[in-house]
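The following paragraphs lead the reader through one protein model, moving from helix packing to the sheet and then to the aromatic side chains.

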Amino acid sequence: MQGAKLEGKIALVTGASRGLGRHIAAALAAAGAQVAVNYANSIQDAEETVRMITAAGGTAAAFRANVTNEAEVAELVSRVERHFGSHIDILVNNATGPQPMVSIEESTWQTYMDQLEFFVKAPLLLTQAVLPGMKLAGAGSIINIGSEVVQIGNANFSSYVTAKSSMVGMTRSWASELGPHGIRVNLIAPGWIPVERHAGANTDGYRAGVPLGRVGEPADIAAAVVFMASPESAFITGQCLSVNGGNTFGI
């Protein structure tokens, strides 16, 4: 394990059955955390994430839940805490849904609501559910996965950009409110990180504009999450960390 800096900690990663969430879960486990792998649909994918973690010597278990549903979130957190025998120390709000490109004229309020469900409602429900344990312990780390689109303002993507922008304000407000309880709240804003759903995509155009000359890898984001979850970032809260090779600068 990577120094076991998170030994004894319990982490819940939403949307961890594949893609970026899978790599985040694996990195937290490699750092010593016991990891709850949340998934919404594919038990096979979730079990593969667990298998990868356990094969590397880590500890993990899969838990199905729709994180936009209040009752399912409450049951999810309860099941995770029962399974691992303690409260959740680390929450990573990573789950996402479809991300359609839609013009202003074609957008409806539901178009926006679909994104707000994942990036505002789900983090709120999950945070509310883990707070009792974190407050009792006087410690905790909540990490929201944002996006560089907040700064770029991609055209025909306003519903997604708006919802991800909301996460920034939410992160800062929660950090102010929860800091006195020893709970830290931060946001990681990835650049374009090609995962399974980007198979075959041409990255040349994007790469050309990145000062470090490459697209990001899941490991880049996972390492930043481990840092924000660890004692090494004990005096950092309310921050938005861009991890995109310099494609944007600060939020």
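**Helix packing, sheet and aromatic pairs**

In this predicted model, H3 and helix H4 (residues 109-137) pack with their axes 9 Å apart and at an angle of about 40 degrees. Their crossing is right-handed. On the H3 side the contact is made by Glu 70, Val 73, Leu 76 and Val 77, and on the H4 side by Leu 125, Leu 126, Ala 129 and Val 130. In general terms, the angle between the axes and the distance between them describe two packed helices.

The sheet may be considered next. Seven strands form an open sheet, paired in the parallel sense and arranged in the order S3-S2-S1-S4-S5-S6-S7. S3 and strand S7 (240-243) stand at the edges; each has a single partner strand, so one side of each is left without a neighbour in the sheet. On average, and with direction ignored, neighbouring strands of this sheet are turned by 20 degrees against each other.

Strand S1 (residues 10-13) has pairings that can be followed residue by residue. S1 and S2 run parallel and are joined by four bridges. Within S2, Gln 34 is the bridge partner of Ile 10, and Ala 36 is the bridge partner of Leu 12. S1 also pairs in the parallel sense with strand S4 (residues 90-93), over three bridges. In S4, Leu 91 is the bridge partner of Leu 12.

How are the side chains of S1 directed, and are they buried or exposed? Ile 10 and Leu 12 point one way from the strand, whereas Ala 11 and Val 13 point the other way, and all are buried. In a regular strand, side chains alternate between the two faces of the sheet. As for S2, five of its six residues are buried, so this strand is largely enclosed by the rest of the structure.

Helices also lie across the sheet strands. Helix H2 (residues 43-55) lies across strand S2 (34-39) and S3, and runs at about 170 degrees to S3. Helix H8 (residues 218-229) lies across S4, strand S5 (140-145), strand S6 (183-190) and S7, and its direction is at about 165 degrees to S6.

A search of the whole structure finds five aromatic pairs. In one of them, the rings of Phe 63 and Phe 84 have their centres 6.3 Å apart and their planes at 50 degrees, so the pair is tilted. Phe 63 lies in strand S3 (residues 59-64) and Phe 84 in helix H3 (residues 70-84); the pair therefore ties together parts that are 21 residues apart in sequence. Both Phe 63 and Phe 84 are buried.

A second pair has another geometry: the ring centres of Phe 157 and Tyr 160 are 4.6 Å apart and the planes stand at 25 degrees, so this pair is stacked. Phe 157 counts as buried because its relative accessibility is 9%, and Tyr 160 is buried with a relative accessible area of 8%. Together with Phe 119, Phe 157 and Tyr 160 form one aromatic cluster. What sits over the ring of Phe 119? The charged end of Lys 164 sits over this ring, 3.9 Å from its centre.

Terms used
Residues numbered from 1 in each chain as written. Predicted model: local features only at pLDDT ≥ 70, side-chain atom pairs only at ≥ 80, totals over all residues. Heavy atoms only, no water. Phe/Tyr/Trp six-rings, centres within 6.5 Å; stacked < 30°, edge-to-face > 60°. Helix = DSSP H or I, 4+ residues; strand = E, 2+ residues; numbered from the N terminus. Buried < 20%, exposed > 50% of the residue type's maximum accessible area, 1.4 Å probe, protein only. Lys NZ or Arg CZ within 6 Å of the ring centre and 35° of its normal. Pairing = 2+ DSSP bridges. Axes fitted to C-alpha atoms, helices over the stretch in contact; angles between N-to-C directions. Contact = heavy atoms within 4.5 Å. Left-handed = near helix turned anticlockwise from the far one by under 90°.
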